[in-house]
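This report describes one protein model for a reader who is new to structural terms. Please keep the sequence and the structure in view while reading.

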Amino acid sequence: MVFGFFRRRRAAKAAAAEAAAGNRAETTGAEAASSTDPIDAGGGLATATAVEPTESAASTAVTAEPVTVPEPRRDTPEAVVGPEPVVEVMPETEPAAPIAPVEQTAPAPTTDPEPVTEPVTEPVAEPESTVEPVSEPVAEREPVVEVMPETEPAAPIAPVEQTAPAPTTDPEPVTEPEPEPEPVAEPVAEPVVTPASAGTTTEEPGAAISLEKVKAAGGPGLVKMYKSAGVSLEKAGLAGRRAAVYLVLDRSGSMRPYYKDGTVQHLAEQALALSANLDDDGVVPVVFFSTDVDGVAEISLDNHKGRIEELHNACGHMGRTNYHLAMQAVVDHYTESGATDPAFVIFQTDGAPTSRTAAKQALCAAAKLPLFWQFVGFGGSADSNQFDFLRKLDTLAVPRTRVVDNAGFFHAGDDPMAMTDNRLYKQLMAEFPEWLTAAREAGVIR
């Protein structure tokens with residue numbers, strides 16, 4: 001059956017070639033259009049079966065020509081033979097297997113326009129028109145494919161380049177603030193020189209000597225006094241104030257127990273801690289007096305432990321209580337030192353002066369100098385008459401007898417060492433701020 005069919009088709013082709021080109025071209029063009037429609041629409045199987053019984057008809061032979069049979073022979077003859085015998089075999093045999101591959105391969109010709117253009121080679125003129133519409137959908141698909149790859153790589157490339165420089169600039173400013181810690185460490189040394197910035201770097205604002213230096217040289221006992229003195233100065237409004245600190249110690253015979261039990265040594269350390277807040281040299285001049293000036297020495301942060309007992313033992317015999325001689329020794333030392341800051345003098349005694357007149361004259365004469373005298377009474381009771389002279393110092397007329405009130409007094413009690421540091425410094429600073437103001441107004445302090 002199949003071979004007979006091919007023979008008839010060959011005979012039809014020969015007859016068609018001998019026929020007139022004009023008439024056959026028109027008929028073949030119409031029949032070719034009708035034959036291609038069932039193939040594209042997918043219903044060619046039904047029309048093919050109807051044509052088979054009319055094999056002798058010339059029109060049917062002509063219609064078979066535009067079918068894609070000749071082209072499959074060139075490419076894949078098996079694929080062309082497959083679909084045509086499938087139509088004839090449908091009624092006689094049940095080749096369910098060949099039908100399935102035809103339906104599966106059907107989408108291939110629909111997507112590929114190439115099989116449609118292959119039969120166009122024979123009619124020459126008409127296939128050109130068929131090729132053009134086929135190429136149009138192909139052109140539509142191509143730009144879609146081209147745009148997809150262009151947009152996809154462009155998007156990731158741009159952000160990668162933009163974000164890359166961003167992190168490179170970030171670490172740069174991070175390295176710049178590294179030198180900042182250096183100026184932070186500088187203010188630590190500044191408190192020693194400048195009182196204004198000392199409060200931010202030491203525990204005691206305005207301290208002349210840093211806490212670190214006091215710790216290194218003084219030990220825990222002196223550090224505690226140093227902090228207490230700083231608090232009292234701040235409460236008195238004297239934080240950052242500069243002044244030289246002097247210590248005058250009574251060596252009369254009645255003072256022997258206070259030297260022996262360490263009370264005088266304790267007072268000397270309290271004076272040294274106060275000096276570390278007010279004076280940056282870390283030194284306190286000490287004047288020992290009795291009947292006369294027994295000695296002038298000093299204690300310092302580096303040399304203060306047991307220093308008072310050592311100096312006291314070197315002074316020799318203990319005598320009377322002549323204030324005026326000790327006061328003159330302080331005046332001489334201060335004027336010879338060339339100091340410009342005022343001086344705060346802690347004058348310790350356990351009784352009235354041997355010569356009250358001389359003591360009064362010395363005090364009034366010293367009122368012209370930037371020296372403030374803070375008297376501290378050891379021993380006796382609060383109402384004891386042994387300190388009547390010191391209590392009456394405030395009654396000395398100003399300015400008739402002295403330029404300004406330059407002295408203060410408080411009683412430390414029979415056991416001065418029992419007085420807390422805070423209370424001692426509070427008493428010491430009770431009248432000093434008022435004197436600073438009065439002395440400045442009087443021109444005593446510049």
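## Terms and overall make-up

Helices (H or I, at least four residues) and strands (E, at least two residues) are DSSP runs, numbered from the N terminus. The model is predicted: local features need pLDDT of at least 70 and side-chain atom pairs count only at pLDDT 80 or more, whereas totals for chains, interfaces and linings use all residues. Residues are numbered from 1 along each chain as its sequence is written, and side-chain values use heavy atoms, with hydrogens and water left out.

The protein has 24 helices and six strands. Of its 446 residues, 40% are buried; buried means under 20% relative accessible area, exposed means over 50%, and partly exposed lies in between (1.4 Å probe, protein chains only). A contact means heavy atoms within 4.5 Å. Among contacts between residues at least 6 apart in sequence, 74% join residues at least 24 apart.

Strand β1 covers residues 244-250, and seven of its seven residues are buried, so the strand is largely enclosed by the rest of the structure. In a regular strand the side chains alternate between the two faces of the sheet. In β1, Ala-244, Tyr-246, Val-248 and Asp-250 point one way, while Val-245, Leu-247 and Leu-249 point the other way.

Two strands pair if DSSP finds at least two bridges between them. Strand β4 (residues 343-349) pairs with β1 in the parallel sense over five bridges, and Phe-344 of β4 stands opposite Val-245. Strand β2 (residues 283-289) also runs parallel to β1, joined by four bridges; here Val-248 has Val-287 as its bridge partner.

## Nonpolar cores

A nonpolar core is a set of buried Ala, Val, Leu, Ile, Met, Phe, Trp, Tyr and Cys residues joined through side-chain atoms within 4.5 Å. The largest such core has 55 residues, and those with the most contacts inside it are Leu-249, Leu-274, Ile-346, Leu-428 and Phe-432. Helix α18 (residues 263-278) gives the largest share of this core, nine residues. A second, separate core has 30 residues, including Ala-244, Tyr-323, Ala-326 and Ala-343.

Which residues does Ile-346 contact, leaving aside its neighbours within four places in sequence? They are Val-245, Tyr-246, Leu-247, Val-248, Ala-271, Leu-274, Gln-374, Val-376 and Leu-428. Ser-275 lies in helix α18 and counts as buried because its relative accessibility is 0%. With neighbours within four places again left aside, Ser-275 is in contact with Val-245, Val-283 and Val-284.

## Cavities and pockets

On a 1 Å grid over the protein atoms alone, a cavity is a set of points where a 1.4 Å probe fits but cannot get out, and a pocket is an open set with protein on both sides within 12 Å along at least five of seven lines; lining residues have an atom within 4 Å of a point. Grid points are joined across faces, edges and corners, and a volume is the space filled by probe spheres set on the points. For the classes of lining residues, Ala, Val, Leu, Ile, Met, Phe, Trp, Tyr, Cys and Pro count as nonpolar, Asp, Glu, Lys and Arg as charged, and the others, Gly among them, as polar.

There are three cavities of 30 Å³ or more. The largest cavity has a volume of about 70 Å³, and its lining holds eight nonpolar, three polar and no charged residues. Helix α18 gives the most to this lining, with four residues. The second largest pocket has a volume of about 170 Å³ and is lined by Val-231, Ser-232, Lys-235, Ala-236, Asn-422, Lys-426 and Met-429. Helix α16 supplies the largest share of that lining, three residues, and the lining divides into three nonpolar, two polar and two charged residues.

## Two loop positions

Ala-339 is found in the loop between α20 (323-337) and β4. At 35% relative accessibility, Ala-339 counts as partly exposed. Ala-339 and Ala-244 are 95 residues apart in sequence, and their C-alpha atoms are 8.0 Å apart in space.

Pro-399 has its place in the loop between α22 (388-391) and β6 (407-413). A cis peptide bond joins Val-398 and Pro-399, with omega about 5°.
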